[in-house]
Amino acid sequence: MPGSVCRTGWIHQDQYARIRTLGLKRWVGTPGLVCQGWCAGYAGMPVMPESMSALNQWFFSTCFISLLSVANLQDVPGCPKLHAPIGGHLDPEECGTALNDECTFWCDAGYCPYNGSEPECSQKKSLKLQTPKRVCLSTKQWSGPDFRCEVAQCVSPKNPENGLFECNLINFGRAVCTLKCNVGYKPEKYSSLRIICQVTGTWKNIEKTKCIPVQCNPYRVKNKITLKPKECGTNVQPFNQSCQLHCKTGYDYVGIKPNQISMRSLYGVRICDVNGWTGRERYTCKDVERPVITCPKSIKVSCPLDKKISDKVNWQIPVATDNDGLRPMVTLIYPPFAKNNISIKPPHRFPPGKNKLIYQAKDGVDLVSTCSFIIEVEDTKPPNVQYCPESIDHFTTSTSPITVDWKEPEFDDDSDIVRITYQSHQPKKDKFAPNQTHRIKYIATDDYNNSATCEFELRLNPYECLYKRPPLHGKLSCNKIQFGAGQECTVTCNKGFEHVEKPLPVYKCLVKLGIANWDPIDKTWPDCLSTGTVNICTPDSCFNNGICIDGIDDYSCKCAAGFEGPRCQDVVNNCQDGVCLNGGTCRDGVNNFTCKCLTGYAGEVCQFALDKCNSNPCYNHGQCINKKDGFLCGCKNGFSGAFCEIQDNYCINSNPCLHGSKCVEMSNNYKCDCSAGYSGINCEENIDECKSQPCLNHGNCSDGIDNFQCKCSPGFEGKTCETVLSSDFDVEFQAAKTSNYATVKTKEDLLNITVMFWIVRLWLYYMYY
């Protein structure tokens with residue numbers, strides 16, 4: 001009740017409104033004196049609960065009235081009334097003013113107790129901040145200083161290292177600060193970007209604000225690109241570090257050109273920034289370097305004599321490399337197939353000759369490189385003689401040398417390259433004396449100088465019997481008798497003619513006792529007469545498209561170009577001496593001729609020398625030299641082979657040092673460290689250790705390999721026969737038995753020997769001669 005003070009043990013409440021009807025300002029209650037019996041139960045219960053029953057409420061009221069009626073009422077001095085501060089409240093809401101009354105001050109949310117200089121919120125955690133209780137003292141003053149609540153405030157936050165806070169207001173509910181890091185720094189990964197002033201006067205999340213140096217992880221590039229400095233791709237880089245991209249050797253840049261890039265995005269440059277690496281334009285490098293392929297060295301093998309093809313040859317398929325680290329695809333591009341469309345792969349059989357293999361390497365962007373090597377199969381087999389004429393008998397009535405025609409020999413070779421290198425005579429060109437035997441010889445040679453020979457005899461025989469002309473308007477044909485000496489002849493009439501009498505089936509020229517006569521000796525073949533008035537010219541009158549001109553009982557022939565003779569039966573020899581140049585062979589034709597040129601020449605008469613060096617067949621800068629039968633490669637020092645394709649290694653290729661000596665490779669040469677006992681450029685000479693005459697005392701020296709042996713004269717021994725043997729020595733026997741004896745080996749047969757010796761036995765001395 002306002003203005004009333006209860007004694008100890010009682011509490012004043014507004015519910016005591018009924019006491020005001022008594023008109024009392026102050027009262028003192030003594031519960032212990034009056035409240036007994038049924039009233040004692042309500043002692044110390046100054047407030048009547050609303051939930052109390054009506055009966056209990058009556059008792060409660062009656063008890064208080066009884067107590068008040070007997071109270072010793074008196075005036076009690078008090079303290080000034082306390083009021084709730086702005087932004088706070090009191091506990092109790094209406095604090096008493098009597099002696100020893102207590103009152104507690106509370107600050108509401110958003111306010112803090114003021115300690116005389118600033119609000120005390122910084123260390124408080126409660127939303128409502130309480131101060132110590134104030135007590136009414138006997139001096140009628142309240143204990144403690146005056147109390148007030150101030151609006152909660154946060155102290156200006158301390159800027160973090162390498163950063164600062166940008167704040168709006170610092171009053172509660174409105175103060176927000178944003179973290180700003182210095183240049184080259186950025187908030188930590190889980191750092192808070194804002195701090196908020198709380199009701200407690202503290203900053204929320206301030207401990208989670210932190211600026212760390214800007215760093216970029218190593219810049220990752222494809223294997224076609226390099227970085228400068230190279231640490232850009234291996235180490236963490238600091239802020240503002242620039243890294244330049246470059247295409248590796250063998251690659252060209254195909255991205256945006258420099259004039260298409262802004263000044264803020266430099267060409268191929270990456271800069272470490274707060275958001276990572278800048279400069280994200282596409283940077284692409286294109287492979288322009290061909291793969292590298294290396295073929296094995298050329299191989300040389302021999303072809304077996306009994307075969308037309310080599311044994312199986314093995315070689316290492318080339319291995320290729322490429323700048324992208326991937327293995328290129330390697331294929332054989334020449335020759336693509338062997339016989340029967342079988343792909344060539346090791347091991348494989350090859351025909352004689354130089355078989356060139358070309359391999360190709362193709363990388364992932366279809367760049368190609370090639371290499372080649374030669375598998376040479378040396379042909380050890382001579383060419384084959386496909387046709388060689390047998391001995392030729394040619395009959396003639398001429399007594400002067402004449403030309404004779406024959407079918408020339410034919411050759412072939414397993415290497416498919418064979419040429420006639422020698423020809424003793426040429427048909428239709430060289431003249432042969434009649435009544436003689438001529439030896440005709442052809443030699444054919446292949447590229448490996450293997451040769452084959454065709455030889456035959458050409459015999460120019462006169463008609464052995466007296467020559468008789470052919471029958472008029474008829475033909476005479478004679479052949480050599482198959483068995484024996486002589487000839488057999490038959491006659492026929494031309495078309496439109498017939499014999500005046502029937503001829504014999506065969507007219508023979510027989511040789512008996514060295515004399516040739518016709519058989520029958522007195523009878524010759526009849527002529528032919530016309531069967532009527534006919535043109536005696538028949539299709540067979542003139543040969544080789546000659547034109548027959550009819551006459552009286554006779555005809556003549558006008559020969560076509562290239563033919564001659566009474567019936568145009570002979571071909572005009574167009575192969576004059578030297579018509580084919582440079583060793584070419586002339587082949588006669590009808591009113592023309594052709595020249596078969598040697599390798600390296602061309603033209604109608606082989607007048608042009610082909611430049612066989614146009615294809616640059618010589619490797620390793622070898623000099624190509626044209627020759628009649630091909631070309632020759634002049635190799636530079638350090639290279640050899642038919643095409644200078646072999647890099648010389650004297651020690652490996654030829655092993656020139658003999659007798660186990662060591663070969664030392666030198667620039668374009670070699671030298672031999674000879675084994676003991678040898679000397680010479682290739683250690684081919686055995687050093688004569690006996691040259692210094694090391695054997696003494698007339699000993700004979702026998703030379704060895706880095707050694708010598710002395711055969712000493714009798715009475716000497718030692719390595720050099722330097723020791724004189726003693727002529728006095730003892731021979732002791734274990735027992736007097738025939739099984740105990742001494743032998744002396746001699747190095748020479750002795751005709752006579754004299755031995756003087758002593759025998760000692762049982763201390764008796766015997767001397768024998």
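First, the ground rules. The model is predicted: local features need pLDDT of at least 70, side-chain atom pairs count only at pLDDT 80 or more, and totals for chains, interfaces and linings use all residues. Residues are numbered from 1 along each chain as its sequence is written, and side-chain values use heavy atoms, with hydrogens and water left out.

Let me start with the disulfides. A disulfide here is a pair of cysteine sulfur atoms within 2.5 Å. How many disulfides does this rule give? The count is 23. I will take three of them.

One joins Cys79 and Cys136, with 2.0 Å between the sulfur atoms. The angle about the S-S bond is 100°, and this link is right-handed. Where do the two ends sit in the chain? Cys79 is in the loop between helix 2 (54-69) and strand 1 (88-91), while Cys136 is in the loop between strand 5 (134-135) and strand 6 (149-151). They are 57 residues apart, and the pair links distant parts of the chain. Are Cys79 and Cys136 buried or exposed? Both Cys79 and Cys136 are buried. Buried means under 20% relative accessible area, exposed means over 50%, and partly exposed is in between, using a 1.4 Å probe and protein chains only.

Next, Cys580 and Cys595. Their sulfur atoms are 1.9 Å apart, and they form a disulfide. This link is left-handed, at -85° about the S-S bond. Cys580 lies in the loop between strand 44 (570-571) and strand 45 (585-588), and Cys595 lies in strand 46 (residues 593-596), 15 residues apart. Cys580 is buried, and Cys595 is too.

The last pair is Cys167 and Cys177, a disulfide with its sulfur atoms 1.7 Å apart. Its torsion about the S-S bond is about 110°, so the link is right-handed. Cys167 has 37% relative accessibility, so it counts as partly exposed. Cys177, by contrast, is buried because its relative accessible area is 0%.

Those two strands bring me to the sheets. Two strands pair if DSSP finds at least two bridges between them. Strand 7 and strand 8 run antiparallel and are joined by five bridges. Within that pairing, Phe165 stands opposite Leu179 of strand 8. What is the strand order in this sheet? The order is 7-8-10-11, in an open sheet of four strands with antiparallel pairing. Its edges are strand 7 and strand 11 (203-204), each of which pairs on one side only.

The other sheet is also open and has four strands, in the order 22-26-25-24, with mixed pairing. Strand 22 (299-302) and strand 24 (329-334) are its edge strands, each pairing on one side only. On average, neighbouring strands of this sheet are turned by 25° against each other, direction ignored. For that angle, axes are lines fitted to C-alpha atoms, for helices over the stretch in contact, and angles run from 0 to 180 degrees between N-to-C directions. Inside this sheet, strand 25 (residues 353-362) and strand 26 (residues 368-378) pair in the antiparallel sense, over ten bridges. Asn355 faces Ile375 of strand 26 there, standing opposite it.
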